[in-house]
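Here is my note for your first look at this structure. Keep the sequence and the 3D view side by side, and check each point as you read.

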Amino acid sequence: MVFGFIWGILFGWIMDLWVISGGFGSLGMLSFFQTFAASFLFDLVHAISNVVFIWWMYKPMEKILLRFQVKYGLLK
């Protein structure tokens, strides 16, 4: 869940850098700050939703992946 939260935030930052460098803004410290500030709540919601979905889907996915591991003899 920690991994999902961190990558939810990092994905937002990567997309913010793409927006700035993609020609949608000027390259300056102010544009960096404004872009990161504008997307902060969205990035936070994205990270929290990652945690919720990982928590919610952990047991069903674990069952499927363990069955897949046994069926195909993976990680032995």
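Which helix gives the most to the nonpolar patch? It is α1, with 10 residues. Bear in mind throughout that this is a predicted model.

1. **The nonpolar patch.** Start at the surface. V2, F3, F5, I6, W7, F11, I14, M15, W18, V19, I48 and V52 form a nonpolar patch there. Together they have about 1,200 Å² of accessible area. Helix α1 covers residues 2-24. Both α1 and α2 supply at least two residues of the patch.

2. Take V2, which lies in helix α1. Is V2 buried or exposed? V2 counts as exposed because its relative accessible area is 61%, and the cut-off for exposed is over 50%.

3. **The buried side of the story.** Now turn to α2. Its buried residues include S31, T35, S39, D43 and A47. Look at T35, which has its place in helix α2. T35 has a relative accessibility of 19%, so it counts as buried; the limit is under 20%. What does T35 touch, leaving aside its neighbours within four places in sequence? The contacts are D16 and I20.

4. **The span of α2.** Helix α2 runs over residues 29-72, which makes 44 residues. A straight helix would reach 64 Å at 1.5 Å a residue. In the model, the end C-alpha atoms of α2 are only 51 Å apart.

5. **The bend.** Where does α2 bend? The bend is at Y58, and it is about 55 degrees. A proline, P60, follows within four residues.

6. **The salt bridge.** How many salt bridges does a search of the whole structure find? The search finds 1. The side chains of K59 and E62 meet in a salt bridge, at 3.7 Å from N to O. Both residues lie in helix α2. They are 3 residues apart, about one turn of the helix.

7. **How open the pair is.** K59 counts as exposed because its relative accessibility is 57%. E62 has 29%, so it counts as partly exposed.

8. **After the helix.** Finish with the backbone. Just after α2 comes G73, which takes a positive phi of about 65 degrees.

Terms used
Residues are numbered from 1 along each chain as its sequence is written. This is a predicted model: local features need pLDDT of at least 70, side-chain atom pairs count only at pLDDT 80 or more; totals for chains, interfaces and linings use all residues. Side-chain values use heavy atoms; hydrogens and water are left out. The expected span of a helix is 1.5 Å times one less than its number of residues. The bend at a residue is the angle between axes fitted to the seven residues ending there and the seven starting there. Buried means under 20% relative accessible area, exposed over 50%, partly exposed in between (1.4 Å probe, protein chains only). Patches are made of residues with over 30% relative accessible area and no salt bridge: like charges are joined within 9 Å, nonpolar side chains (Val, Leu, Ile, Met, Phe, Trp, Tyr) within 5 Å. Accessible areas come from the Shrake-Rupley method with a 1.4 Å probe; for residues, only the protein chains shown count as cover. A salt bridge is a side-chain nitrogen of Lys or Arg within 4 Å of a carboxyl oxygen of Asp or Glu. Contact means heavy atoms within 4.5 Å.
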